[in-house]
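These are my notebook entries on a single structure. I record what I looked up, entry by entry.

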Amino acid sequence: MNSMRSRHGSVLIVVLWASLGLVSLTLLFGNSMLMNYRGTDNELAGRQAEQAIEGAARYASMLMGQVEQPGKFPDVTLYRSDAVPVEGASFWFLGRSQEVTDGTIREFGLVDEAGKINLNTATPAILELLPGMTPDFMSAIIEWRTPEPEGEGSPVGSLAKHGPFESVAELGLVEGADPVVLWGEDGNLNGVLDPNEDDGSKTLPEDNADGKLDAGLLEYLTVFSREKNTRADGTTKINARIISQQRTDYFRETFGVSRATEMLDQPERLPLPESVLEFYVRSGMTTEEFAKVEGDLTDAEGEFRLGRINVNTASEMVLSCVPGIGVELASTIVAARLTKDSKLFGIGWISTLFGDPVAVRTAGPFLTGHTYQVSADVAAVGRHGRGYRRSRFVIDSSTGTPRVVYRRDLSSLGWALGEEVRQELASLKNE
């Protein structure tokens, strides 16, 4: 009897161990399947986010193609820019904090490339005023973009490209490039002060923990800004700097012989105007009269006017680097924009802010009131707030139909939508 009980006990122990093994295998396979399911779900969310980004690029192109007037920067109050739904996913245009005329702060939207300084056309006088710029680095930038003289090679040891910059990111290849100067405290290049960018040396990037974002050079630079040098009907613009029969006939046809004579009659002692802005100031045209002809005038030869800075969208930092403007006038221009109509367009309105004709002559050749390139920095998430992706596009409409001329994946820079959006998406996961 004892022997029988012993055998039964042994069988029970074996069965229990077998059961435990089967349960363990079941849990193992179940957990593996759960992880596989989550991985698949995350992959699906990521693909949804990628498709949302593609949709955002098309949306931005459409916005550029439907502006009220060619060259007008899309009004941020007239389109969706944050948490835009796309078939289970959502996307955001990462803009820059700006106060619009209704007094609200807009943190999302398209960014004007003409509101930045063009690396390929900026003069040394402009470059040297950028934050963190050193004489050696400025010289290296100029050397990088300057073509080699025919028959001469680069100096021994030179790393210069001797060709135009194709992207702002290329600046990192220039001799003497300092990541701290290029990036500043904005580790993810979203233009917003994130927690890790305001904690000193605790986490990267290093910052001064002063509660303000000190952006690097990348924030203020572009290589894409240009304007087509033709009128709406495709004909060549009238050069306001050159005394010609074409210019005379155009103004007579537009305003009549008497009024055209008044506008074009310049004292012989004065040199020819350096820019459309200076021509406008010296002509005595009214704001309404200038609005009729501004789009038909130019101050440069060639197919495009390159690197002009849009006074309607440029930041105070960018404007302060323009010769003839400086810090004080830049602040005045930015403040004055908020008192203007939300449909602010063109360059004529700033003429009254210059107190000195010399400043108009100096600054005019660098300025414009038009925009033909925008950047769409798109962040997106898929279902349940997962699958974060981010890409930056530059869209160019200077030749007619808007087209994407640059694209860069920025997902590796990490989360760029801020803590508030993160919490909102976290709440959706828990629902």
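I looked up the contacts of serine 351 (heavy atoms within 4.5 Å). Leaving aside residues up to four places away in sequence, serine 351 touches Leu277, Tyr280 and Val281. I worked on a predicted model, in which local features need pLDDT of at least 70, side-chain atom pairs count only at pLDDT 80 or more, and totals for chains, interfaces and linings use all residues. Residues are numbered from 1 along each chain as its sequence is written, and side-chain values use heavy atoms, with hydrogens and water left out.

I then placed serine 351 in the loop between H10 and helix H11 (357-363); helices are DSSP runs of H or I with at least four residues, strands are runs of E with at least two, and both are numbered from the N terminus. Its relative accessibility is 13%, so serine 351 counts as buried (buried is under 20% relative accessible area, exposed over 50%, partly exposed in between, with a 1.4 Å probe and protein chains only). A polar atom of the serine 351 side chain lies 2.9 Å from the backbone oxygen of glycine 348.

Next I turned to helix H10 (residues 326-337). Its twelve residues should span 16 Å at 1.5 Å a residue, and the end C-alpha atoms are 17 Å apart, which agrees; the expected span is 1.5 Å times one less than the number of residues. I found Leu329, Ala330, Ile333, Ala336 and Arg337 buried in H10. They cover an arc of only 130 degrees around the axis, so they are on the same side of H10; the arc is that of the directions from the helix axis to the C-beta atoms. Val327 and Glu328, on the other side of H10, are exposed. The buried residues of H10 pack against helix H9 (316-320).

Arginine 305 counts as buried because its relative accessibility is 7%. Its side chain makes a polar contact with the side chain of aspartate 299 at 3.3 Å (a pair of N or O atoms within 3.5 Å; within protein, one must be able to donate a hydrogen and the other to accept it, and residues adjacent in sequence count only if both atoms are side-chain atoms). Not counting residues up to four places away in sequence, arginine 305 also touches several residues, among them Arg226, Glu227, Leu367 and Thr368.
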